[in-house]
Amino acid sequence: DSLGWSVSVTDKGGAFNKKTLSLFDVIVWNNVSGDVLTLSQREAFKRYIESGGAYLGIHGSGGDSIHFWRWYVDTLLGATFIGHPMNPQFQEAAIHIEPTSSAIGQSNAPGWRMTDEWYSFSESARKTGANVIATLDESTYKPSGMFGQDLRMGEDHPIVWTRCIANGRAFYSAIGHRPEVYELPENRALLKD
């Protein structure tokens, strides 16, 4: 690739073992949902992260289908998904880049507007120690889910954050439901940072 990165792609949970995981600097979950790992594969992934590995999770990888793996939700993500708007599902909204000591996202400061499916969480990931990179301005879209579910998080609505887990690190972006958002220069810059 033009960035000099080597990439391997698999949809096989069997790759989640100590030997295979040790070959990678970062594991990317792009819209992964469902029960994708066995108990031993989960443990191998957890040990990989805690021993210095890295995780990059995109959009659906923070979704509700993995609530039964508490370490993933509580420790790796540090936030519990509660829903996304419906009627309409995809809305334009303003994203604000947080002023942080990290260089991640700063090329996009102060922020931008885009259309996507906006996730809400039960609480801000900031409350669990995350370094928030970007927040969503709820005044710029309608945070209402199925059957009128109130998805407002208030003034602190993180959608991109990082966190440290033992010797490892995690990056999560709730941006990324629609394929065209990967062509937006702001989102591409955010993922490359």
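**Questions on a predicted model**

Biologist: Which residue's side chain has a polar atom 3.0 Å from the backbone nitrogen of Arg126?
Modeller: This is a predicted model. A polar contact needs N or O atoms within 3.5 Å. The backbone nitrogen of Arg126 sits 3.0 Å from a polar side-chain atom, and that side chain belongs to Ser124.

Biologist: Is Ser124 buried or exposed?
Modeller: The cut-off for buried is under 20% relative accessible area. Ser124 has a relative accessible area of 5%, so Ser124 is buried.

Biologist: Which residues is Ser124 in contact with, leaving aside neighbours within four places in sequence?
Modeller: Contact means heavy atoms within 4.5 Å. With neighbours within four places set aside, the partners of Ser124 are Met153, Asp156 and Pro158.

Biologist: What separates the C-alpha atoms of Asp74 and Thr128?
Modeller: Asp74 belongs to helix H3, residues 70–77. Its relative accessibility is 41%, so Asp74 counts as partly exposed. Thr128 is 54 residues away along the chain. Yet the C-alpha atoms of Asp74 and Thr128 are separated by 8.3 Å.

Biologist: Which residues touch the most other members of the largest nonpolar core?
Modeller: That core has 48 residues. Its largest share, five residues, comes from H3. The members that touch the most others are Phe45 and Ile175.

Biologist: Which residues is Phe45 in contact with, beyond its neighbours within four places in sequence?
Modeller: Set aside the neighbours within four places in sequence. The contacts of Phe45 then include Trp29, Trp69 and Trp71. Also among them are Phe16, Leu21, Ile27, Leu37, Tyr55 and Leu76.

Biologist: How many helices and strands does the protein have?
Modeller: Along the sequence, the pattern reads α-β-α-β-α-β-β-β-β-β-β-β-α. The secondary structure comes to four helices and nine strands.

Biologist: What is the radius of gyration of the protein?
Modeller: The C-alpha atoms fill a box of roughly 45 × 40 × 30 Å along the principal axes. For 193 residues the globule rule gives 16 Å, and the protein comes close to that, so it is as compact as a globular protein of that length. Its radius of gyration is 16 Å.

Conventions:
Residues numbered from 1 in each chain as written. Predicted model: local features only at pLDDT ≥ 70, side-chain atom pairs only at ≥ 80, totals over all residues. Heavy atoms only, no water. Buried < 20%, exposed > 50% of the residue type's maximum accessible area, 1.4 Å probe, protein only. Polar contact = N/O pair within 3.5 Å; in protein donor to acceptor, adjacent residues only side chain to side chain. Helix = DSSP H or I, 4+ residues; strand = E, 2+ residues; numbered from the N terminus. Core = buried A, V, L, I, M, F, W, Y, C linked by side-chain atoms within 4.5 Å. Rg over C-alpha atoms; globule rule 2.2 N^0.38 Å.
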